[in-house]
Amino acid sequence: MTNHWVDIRNADLILVMGGNAAEAHPVGFRWVMEAKEHNDARLVVVDPRFNRTAAVADYYAEIRTGTDIAFLGGLISYLIETDQIHHEYVRAYTDASLIVREEFGFEDGLFTGYDAENGEYDKETWQYEYSDEGHALRDDTLQHPRCVFQLMRAHFSRYTLDVVSSVCGTPRDKIQHVWDMVAATVVDDKTMTILYALGWTQHSIGSQIIRTAAMLQLLLGNMGMRGGGVNALRGHSNIQGLTDLGLLSDLLPGYMTLPEADEQDYEAYILDRSRPDLLPGEVSYWRYYERFHVSLMKAWFGDAATEANNWCYDWLPKLSETLYDVIHTFERMSHGEITGYICQGFNPLAAFPHKAKTSAALSRLKYLVVIDPLRTETAEFWKNHGEFNDVNTAEIDTEVFRLPTTCFAEEDGTIVNSSRWLQWFWAAAPPPGEALPDTAILAGIFLRIQQMYRNEGGAFSDALLNLSWPYRYPAEPSPNELAREYNGWALEDVYDEQRNLVCRAGEQVEDFGMLRADGSTASGCWIFAGCWTDEGNQMIRRDNSDPYGVGQTLGWAWSWPANRRILYNRASARPDGTPWSERKAVVWWNGNRWVGNDVPDFPVESAPTVAQGPFIMNQTGRGQFFARDRMVEGPFPEHYEPFETPIANNPMHPSNPLAKNNPGARVFEQDRANFGSFEEFPYAATTYRLTEHFHYWTMHNRLNAIAQPEKFVEIGESLANELGIAKGDRVRVSSKRGYIEAVAVVTKRIRPLQVAGRTVHQIGIPLHWGYLGETKRAHLTNTLTPSVGDANTQTPEFKSFLVRVDKL
């Protein structure tokens with residue numbers, strides 16, 4: 001989230017795409033309803049289904065799953081061509097004026113530098129033109145034919161109203177109505193917020209969908225604003241914390257990145273990530289990357305990390321792959337390259353794509369360790385559960401260890417919600433039986449492995465033997481100790497540039513500005529610096545006072561970074577430091593410093609006359625329409641079809657098969673062979689969640705099971721009539737990878753669409769139910785889903801795949 005849950009109430013328009021907030025986030029959705037009730041806000045839903053959010057919306061438009069870029073790209077073109085953009089904001093706060101290299105181009109669905117044989121781009125031409133000093137050239141008139149604005153204008157000019165309607169299947173009048181509602185928020189005193197969830201991320205073009213939304217908000221001047229932003233609604237209360245702490249395989253805590261295999265030189269690694277400013281005098285806060293990195297290594301390795309050994313840089317793993325994601329992991333597992341797997345807090349057999357492949361991969365392991373509070377299908381993948389898991393147990397040699405852990409209500413700790421708020425919670429009950437906290441289980445595994453290395457030796461033991469483990473009870477590090485470690489402390493006295501003492505040795509640092517690159521500070525996660533200071537645990541705060549009456553309760557819990565609630569909030573003020581609108585004011589210049597109803601996300605003494613950009617994590621200080629080399633498939637978003645599409649080609653590039661699907665996506669040979677065609681599987685399917693079932697664990701709750709006892713699939717009336725299916729009939733839904741059987745729910749909520757000259761039917765499939773738990777046993781939905789992911793994150797494409805429907 002760039003903003004936060006409560007701030008939704010400040011919006012004048014709420015656009016929900018790629019999510020179903022009323023269904024999947026019923027508590028947070030109160031702020032949408034409050035915006036409607038008290039702020040006269042309008043709610044717009046664009047979704048393949050008329051869902052529960054649409055039921056309370058002011059306007060609903062249907063769309064074909066996987067075509068959001070076309071819808072938003074057409075909107076961007078419409079805003080530009082009708083001159084409904086925020087000119088002053090765009091000129092001052094975006095990269096629209098920067099000039100791109102002459103060699104850069106785009107033709108028939110492909111950007112320059114594409115290697116068709118490897119399916120990868122050489123991104124050398126995806127750069128600005130630079131001066132001899134290394135600064136990007138610019139044209140503030142926005143008239144230069146190669147400035148970002150003109151290139152973006154030309155790129156999206158192809159997305160006309162007729163083209164968008166043909167690609168998305170949305171009627172022209174509905175598209176136009178939504179576009180006009182969005183355009184109305186370009187004025188200074190109105191803002192739109194965009195809410196999305198897995199309906200955008202779970203596509204092979206998911207990252208680019210989200211980027212298109214951010215570009216739209218920049219054009220309208222809605223980023224950094226109260227009631228604005230692009231806000232990801234996390235499906236679990238602590239998914240935000242998971243990514244914050246670097247649990248993705250290519251990340252270190254605080255969104256720092258692991259080195260790649262060819263980055264053996266420490267100084268080169270730091271230089272690459274300490275991104276220098278590309279416009280004179282910009283903040284480019286990643287320039288301090290080494291401070292965060294060294295402080296992390298001191299937290300991990302203590303006295304063993306020194307300047308002489310490059311702070312133990314050689315001990316870090318170096319990535320031979322861009323990302324060791326779940327699809328990649330189970331591909332290697334299926335070939336016998338991984339023989340042991342520790343599964344903590346996941347249910348891969350139910351949650352990862354292509355169940356049959358996942359099951360076969362798990363069957364090749366020597367051992368599987370499942371750390372979970374409840375029974376999971378993964379822990380019992382080897383058991384035959386009849387038609388729901390028809391495996392030959394005698395042929396599976398995998399040894400399974402089940403380690404029961406505590407549930408969320410049985411331990412102290414923090415939850416980081418979608419708003420980036422770190423909120424401390426306390427155990428409500430002791431854990432049952434032999435259940436232990438995850439920290440105790442992981443500590444037990446680590447200490448035993450470490451002792452084995454001490455006793456028996458082994459290859460490259462340095463990192464394991466020197467890992468700092470300063471906890472009072474080594475076998476069970478406490479949440480308090482871990483939280484203080486994430487925050488960080490001074491190992492020596494810390495001084496500022498004027499040699500003023502800012503933090504004494506042994507004291508907790510107050511914010512990440514105190515971290516140093518000389519080894520004098522330690523911090524387990526730099527963005528969490530400030531969550532537990534010498535004044536105590538900031539996460540337990542429950543002061544809900546709101547002195548400005550705008551929903552900015554700065555005394556409630558603690559938000560990263562530095563307790564800022566709205567990211568890039570300096571953009572809420574004009575270049576001269578005055579608010580765009582008093583009604584939307586967040587921070588402003590008082591003549592001496594930045595003040596306001598939020599902690600300024602900006603150097604507080606940087607006067608407007610210095611003209612530094614508000615997007616301080618970017619090298620230009622500006623919001624980026626042109627992504628340069630940060631995206632796999634191109635610096636501008638482009639519509640590509642899902643890898644299983646109900647039409648013959650990409651309507652944007654019908655004659656170029658290389659541009660049918662995402663040209664930068666990674667597809668394994670085995671998985672490509674398991675893609676279905678629309679001739680055999682003619683209907684587009686998408687998955688979704690129900691309030692009554694929180695993924696899989698509430699299947700163990702009898703009340704939830706009573707509320708939604710049996711698996712169903714949602715079929716539109718038109719398709720049901722065509723197939724002779726009535727409500728309550730049992731149906732078989734098949735894909736190239738398998739089938740499921742369920743009850744048919746025949747509904748008016750899904751309508752047939754006219755796409756590229758043909759009728760396209762869509763069906764909806766809840767992702768819940770399995771062969772364990774209190775609910776009636778059922779097939780797992782991911783039996784149907786393809787094994788392919790977003791080209792940047794490898795998030796599986798669960799929201800667009802092909803099926804056939806047969807009445808039983």
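Begin by selecting residues 2-381, a stretch in which the chain is 34% helix and 12% strand and whose end C-alpha atoms lie 39 Å apart; helices (H or I, at least four residues) and strands (E, at least two) are DSSP runs, numbered from the N terminus. The model is a predicted one, in which local features need pLDDT of at least 70 and side-chain atom pairs count only at pLDDT 80 or more, while totals for chains, interfaces and linings use all residues. Residues are numbered from 1 along each chain as its sequence is written, and side-chain values use heavy atoms, with hydrogens and water left out.

For this selection, the unreviewed UniProt entry places the feature "domain: Molybdopterin oxidoreductase" at residues 2-381; such annotations may be inferred rather than shown by experiment.

Next, select helix H3 (residues 68-81) and helix H5 (residues 148-156), which pack at an angle of about 120 degrees with their axes 9 Å apart (axes are lines fitted to C-alpha atoms over the stretch in contact, and angles run from 0 to 180 degrees between N-to-C directions). H3 is therefore oblique to H5, the class left over when angles under 35 degrees count as roughly parallel, over 145 as roughly antiparallel and 65 to 115 as roughly perpendicular.

Now turn to the cavities, of which there are five of 30 Å³ or more. On a 1 Å grid over the protein atoms alone, a cavity is a set of points where a 1.4 Å probe fits but cannot get out, and lining residues have an atom within 4 Å of a point; grid points are joined across faces, edges and corners, and a volume is the space filled by probe spheres set on the points.

Select Gly19, Asp47, Gly199, Thr687 and Lys799, which lie nearest the centre of the largest cavity among the 25 residues that line it. This largest cavity holds about 310 Å³ of space. Helix H1 (21-24), strand S2 (42-47), helix H8 (198-201) and strand S26 (683-688) are the elements that give two or more residues to its lining, and S26 gives the most, with three residues.

Finally, select Val326, Ile327, Phe330, Phe352, Pro353, His354, Lys357, Thr358 and Ser787, which line the second largest cavity, whose volume is about 60 Å³. Helix H13 (326-334) and helix H15 (355-362) each supply at least two residues of this lining, and the largest share, three residues, comes from H13.

Technical notes:
1 Å grid on protein atoms, 1.4 Å probe; cavity = no way out; pocket = protein on both sides within 12 Å on 5 of 7 lines; lining within 4 Å.
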